[in-house]
Amino acid sequence: MPLVAGVDSSTQSCKVVIRDAETGALLRQGRAPHPDGTEVDPEAWWQALRSAADQAGGLADVAAISVAGQQHGMVCLDEDGRVVRPALLWNDTRSADAAADLIEEAGGGAAGSRFWAEATGSVPVASFTATKLRWLARHEPENADRVAAVCLPHDWLTWRLGGATDLAGLRTDRSDASGTGYWSPSTGQYRFDLLERAFGRRLQVPTVLGPADSAGELHAGTLATDSVPGGSAGGILLGPGTGDNAAAALGVGAGPGDVVISIGTSGTVFSVAEGPSADPTGTVAGFADATGRFLPLVATLNAARVLNAAASMLRVGLDELADLALSAPAGAGGLVMVPYLEGERTPNRPMASGAVHGLTLRTSTPAHLARAAVEGMLCALADGLEAVVAQGVEARRVILVGGGARSVAVRRIAPQVFGCPVVVPPPGEYVADGAARQAAWAARGGAAAPEWSPAGTEEYDAEPVPAIRERYAEARDRVIDR
């Protein structure tokens with residue numbers, strides 16, 4: 001049976017899964033940590049990939065491998081392919097002023113934001129590669145002078161897997177290109193004018209591949225030295241790779257009408273859409289996906305940590321928090337928690353703090369507070385869902401993933417808040433799984449992607465309770481910034 005490998009090179013770690021190309025059955029997996037921080041020497045990613053691949057039993061028997069990576073970021077290379085400086089990651093915020101400047105230079109305010117949304121599908125923020133390039137040009141001119149090419153984390157790893165012999169060999173995909181700030185999802189073309197506006201001159205950028213295109217073959221002497229007898233990796237195809245959110249959508253099998261809500265340290269809400277989006281408010285990022293469609297996305301700062309904070313306040317574990325929440329009535333008797341514990345990105349309230357409203361003698365119980373915490377976290381994510389739907393997306397069901405989805409209270413209350421059925425796949429490495437599915441797609445030579453269905457998926461449905469969101473909206477709008 002043909003096997004494929006999928007890689008998730010995330011902020012925290014590298015995961016490698018080996019799966020059956022036809023059925024998707026998991027056979028082996030490995031994991032290795034990444035360094036902390038918001039800037040990292042890409043060599044650390046490479047060593048982690050080697051270690052994770054070895055833990056997964058090597059790559060000697062795989063037909064194809066594909067890499068999904070943390071989106072955005074900035075990997076700068078000189079004309080000889082050497083890394084110029086440590087890569088700036090998506091969560092490095094030093095380019096926030098550069099983002100504001102790029103909007104101002106395009107007309108400022110609503111006009112500037114509209115210009116960028118129409119040009120690239122998204123309004124610049126500090127995460128995007130374009131803003132980091134502007135920061136580099138202004139603050140490290142000597143390094144900037146050495147830059148010949150710019151790419152993203154997954155692009156660089158795919159390039160290394162292929163032998164890293166020529167800058168012209170850099171490859172990327174639509175999803176990651178759409179998060180740079182200089183590629184248009186609507187036209188499928190680079191906006192070199194915007195790249196030059198950000199950096200001051202044109203750079204070599206990766207060729208954008210289609211969803212099932214091959215980026216070449218695994219090069220002998222890379223990962224092959226420890227994995228393939230004789231150090232020869234001939235015939236192991238490289239998939240195009242993709243961004244982490246697009247890979248997650250592919251990993252859970254999301255299609256049009258599906259909205260994926262990931263409850264991790266932060267929250268993400270994204271949907272597979274048939275057409276591009278352009279939100280001039282900047283709330284929705286108009287990304288592309290890994291199938292040839294589009295992936296409008298909203299990010300929130302507060303997600304699973306809200307549950308952790310509530311459990312800490314009540315001095316209970318997460319399972320007991322869930323039991324308490326389910327013992328209270330829907331709407332928590334009017335008790336509302338606005339979960340802006342670390343400010344918020346959606347809505348853009350970086351200086352806001354959390355708040356509890358509707359506290360009475362009747363609602364002053366652990367159960368009511370637990371219920372309010374779960375509902376508040378879900379309502380904040382529902383704001384993101386509403387923003388995505390406003391871009392013309394149909395939401396027939398929600399696919400709930402991430403650590404927070406393990407809470408039975410979250411799973412049961414979610415349909416009441418989101419207003420549609422909720423599907424919860426079993427816990428898994430869905431970014432790596434999406435990369436593996438993409439590798440299988442490439443190995444098929446461009447035929448349809450294999451249909452992999454996660455075993456053990458649970459479905460939840462309940463009558464919506466509009467009062468939950470109505471009371472939350474009233475409380476949210478009363479929150480003041482610090």
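Student: What should I know about the model before I start?

Tutor: The model is predicted, so local features need pLDDT of at least 70 and side-chain atom pairs count only at pLDDT 80 or more, while totals for chains, interfaces and linings use all residues. Residues are numbered from 1 along each chain as its sequence is written, and side-chain values use heavy atoms, with hydrogens and water left out.

Student: How many disulfides are there?

Tutor: A disulfide is a covalent bond between the sulfur atoms of two cysteines. The rule here asks for a pair of cysteine sulfur atoms within 2.5 Å, and the count is 0. For C14, the closest cysteine sulfur is in C151, 16 Å away, which is too far for a bond. C151 is in no disulfide either, as the nearest cysteine sulfur, in C76, is 8.2 Å from its own.

Student: Is C14 buried or exposed?

Tutor: Buried means under 20% relative accessible area, exposed over 50%, and partly exposed in between, with a 1.4 Å probe and protein chains only. C14 has 1% relative accessibility, so C14 counts as buried. C151, at 2%, is buried too.

Student: Which residues have the most contacts inside the largest nonpolar core?

Tutor: A nonpolar core is a set of buried Ala, Val, Leu, Ile, Met, Phe, Trp, Tyr and Cys residues joined through side-chain atoms within 4.5 Å. The largest one has 60 residues, and I261, I263, L378, V398, L400 and F418 have the most contacts inside it. Helix α13 (residues 366-389) gives the largest share of this core, 15 residues; helices (H or I, at least four residues) and strands (E, at least two) are DSSP runs numbered from the N terminus. Another core, of 37 residues, lies apart from it and includes W159 and L167.

Student: What does H357 touch?

Tutor: Contact means heavy atoms within 4.5 Å. H357, in strand β21 (residues 355-357), touches G334, L335, V336, V338, A475 and R478, leaving out residues up to four places away in sequence.

Student: How do helices α12 and α13 cross?

Tutor: Axes are lines fitted to C-alpha atoms, for helices over the stretch in contact, and angles run from 0 to 180 degrees between N-to-C directions. The axes of α12 (residues 318-327) and α13 come within 7 Å and cross at roughly 100°. That makes the two roughly perpendicular; angles under 35 degrees count as roughly parallel, over 145 as roughly antiparallel, 65 to 115 as roughly perpendicular and the rest as oblique.
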